[in-house]
Amino acid sequence: MIKKLLFGCIVLSISFKPLSLLAQKDAASLEGRVVDSSGAVVPNASVTATNVDTAFALHTQSDSRGEWAISPVRIGTYRVQISAPGFKEVVVGPMTLDVQQIQRVDATLQPGAVNQSVEVTGSSTLIQTDTSELGQVVDSKTMVAIPLNGRNPTQLAQLTVGVTVSEPGSRDAPNFGFSASGSRSLDNNFLLDGIDNNSNLPDLLNEANYVVMPPPDALQEFKIETGNYDAQFGRATGAIVNATTKSGSNQFHGVLYEFFRNQNLDAINYFNTQVQPYQQNQFGGTLGGRIIRDKLFFFVDYEGIR
């Protein structure tokens, strides 16, 4: 008798404009300094960061030193507008913010009419001068494009410097456990949308250190932090796996997929006289969009394994 493995997972998320409850752990930050053409600081300049996909805007003002900060900021693509009376408005972006990224946006305002603007579209520097943490961001394009056994995105953690396979005999080795910076695989800390996602069962029945891991198509990105991470990440001496799911936007978007494996695709072992029967189907889909434009959004995904 051939036993069937049946597995289904459904994830539904609904997001809305009031974001005061966002966790800092799965968000980014914006900061900068506003000066005029002579280098003098510009206090009380208006700063607005607008999400390109949802039109949600965050507002602040520069202080007496011309400095400003907006935090937390949900990851995504943003456009930053900086203005002050008697100066041309500066528009920076669009720019994409990743998990735990501190993006600096300094602006030099030129004298001119308020209704005039200067648009800055240059890419930001690759060197992070505002944080000393070590790590790597794995985006959704990488997760979908690279072949993964069982489509488990945690396999990509091993692409980060200082990360290798888990120690011999580790209980999470069958499910792509990994060791970071010389620590045991059990010392890693898994977060999903800023929430504790660690499996604390001593026998690790699911052969993994995490409770749930959405399919790659449902993840926006995840960041592997291996050292010098912020004090808010306690508990672990290994890596921080900070994953965040996709969300809805004003534009409807989604995918349908199926991945299959069977005996026709397998090579014959040298000692076998025939190919053993085998068939695995892994299928699902995602859908995100708007319920009320600019205010209420949804995202849902499903995956099944037979």
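Where is the place of Arg 151? You'll find Arg 151 in the loop between helix H1 (140-145) and strand E12 (163-165). Helices (H or I, at least four residues) and strands (E, at least two) are DSSP runs, numbered from the N terminus. Before we go on, note that this is a predicted model, where local features need pLDDT of at least 70, side-chain atom pairs count only at pLDDT 80 or more, and totals for chains, interfaces and linings use all residues. Residues are numbered from 1 along each chain as its sequence is written, and side-chain values use heavy atoms, with hydrogens and water left out.

Let's stay with Arg 151 for a moment. Its phi is near 55°, a positive value in a residue other than glycine. Arg 151 is buried, with a relative accessible area of 9%; buried means under 20%, exposed over 50%, and partly exposed in between (1.4 Å probe, protein chains only). Arg 151 also lies over the face of Tyr 257, at 4.6 Å from the ring centre. For that label, NZ of Lys or CZ of Arg has to be within 6 Å of the ring centre and within 35 degrees of the ring normal.

Asp 193 has a positive phi too, about 55°, and isn't a glycine either. Look for Asp 193 in the loop between E14 and E15. At 26% relative accessibility, Asp 193 counts as partly exposed.

Strands of a sheet pair through backbone hydrogen bonds, either parallel or antiparallel. Here, an open sheet of 5 strands runs in the order E11-E16-E17-E14-E15, with mixed pairing. Its edge strands are E11 (134-139) and E15 (195-196), each pairing on one side only. Two strands count as paired if DSSP finds at least two bridges between them. Strand E14 (residues 189-192) is joined to E17 by 4 bridges, and these two run parallel. Asn 189 stands opposite Ile 240 in E17.

Now for the rings. The structure holds 5 aromatic pairs. Rings of Phe, Tyr and Trp (its six-membered ring) pair if their centres lie within 6.5 Å; planes under 30 degrees apart are stacked, over 60 edge-to-face, and the rest tilted. One of the pairs is Phe 252 with Phe 298, a tilted one at 6.4 Å centre to centre and 55° between the planes. Phe 252 lies in the loop between strand E17 (240-245) and strand E18 (253-262), and Phe 298 in strand E20 (residues 296-305), so the pair ties together parts that are 46 residues apart in sequence. Phe 298 counts as buried, at 17% relative accessibility. Elsewhere, Phe 178, Phe 190 and Tyr 210 form one aromatic cluster.

Those cluster residues turn up again around a hole. A search of the whole structure finds 1 cavity of 30 Å³ or more. A cavity is a set of points on a 1 Å grid over the protein atoms alone where a 1.4 Å probe fits but cannot get out, and lining residues have an atom within 4 Å of a point. About 60 Å³ of space lies in the largest cavity, where volume is the space filled by probe spheres set on the points, with grid points joined across faces, edges and corners. Its lining includes Phe 178, Phe 190 and Tyr 210, along with Asp 172 and Asn 188.

Last, two prolines. The peptide bond from Ser 71 to Pro 72 is cis, with omega near 0°, and Pro 72 sits in strand E5 (residues 67-74). Another cis peptide bond joins Gly 93 and Pro 94, with omega about 5°; Pro 94 is in strand E7 (residues 89-97).

Key: 1 Å grid on protein atoms, 1.4 Å probe; cavity = no way out; pocket = protein on both sides within 12 Å on 5 of 7 lines; lining within 4 Å.
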